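Please work through the exercises below with the sequence and the model side by side, and try each task before reading its solution.

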Amino acid sequence: QVRLVESGGGLVQAGGSLRLSCAASARTFSSYPMGWFRQALGKEREFVGAISWTGEVTEVADSVKGRFTISRDNAENTVYLQMNSLEPEDTAVYYCASSADLLAPDTLLLRQMEYEYWGQGSQVTVSS
């Protein structure tokens, strides 16, 4: 069982920055692809970004491209989501997720159904 705990959310003005962290409990964290998703009030949860278990391959959604960056520190069992130039439309609960499958080094998982473990979520609110 892998426990994921997000932190770093909060209230920020439009144009500001936040960095979300997701700490994993499992020592095998470094072996699994990770992802970030978000869910705005009244909307379905959507993909934000994904990172391979090596950390060398990443992808982010078109809506955040050029503003958000995903990274990981396997020595610290932590994955990060750096969010710059935040917009009110980025307001949502942000979730990190971990695969439970051992996959090829450059594998990215873009769909929610591919993830086994989820964090409790971290609220990000961007004021205009």
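The exercises that follow treat the overall fold and then a group of aromatic rings.

The model is predicted, so local features need pLDDT of at least 70 and side-chain atom pairs count only at pLDDT 80 or more, while totals for chains, interfaces and linings use all residues. Residues are numbered from 1 along each chain as its sequence is written, and side-chain values use heavy atoms, with hydrogens and water left out.

**Exercise 1.** Determine which elements the chain contains and how its radius of gyration relates to the globule rule.

Solution. Begin with the DSSP runs (helices are H or I of at least four residues, strands E of at least two, numbered from the N terminus), which give 0 helices and 11 strands. Next, the radius of gyration, taken over C-alpha atoms, is set against 2.2 Å times the number of residues to the power 0.38; the chain has 14 Å, close to the 14 Å that the rule gives for 128 residues, so it is as compact as a globular protein of that length.

**Exercise 2.** Classify the ring pairs that Phe37 forms with Phe47 and with Tyr115.

Solution. Rings of Phe, Tyr and Trp (its six-membered ring) pair if their centres lie within 6.5 Å, and planes under 30 degrees apart count as stacked, over 60 as edge-to-face and the rest as tilted. The structure holds 4 aromatic pairs. For Phe37 and Phe47 the centres are 5.8 Å apart and the planes at 75°, so the pair is edge-to-face. For Phe37 and Tyr115 the centres are 5.5 Å apart and the planes at 80°, so this pair is also edge-to-face. Phe37 lies in strand 4 and Tyr115 in the loop between strand 9 (92–98) and strand 10 (117–118), so the pair ties together parts that are 78 residues apart in sequence.
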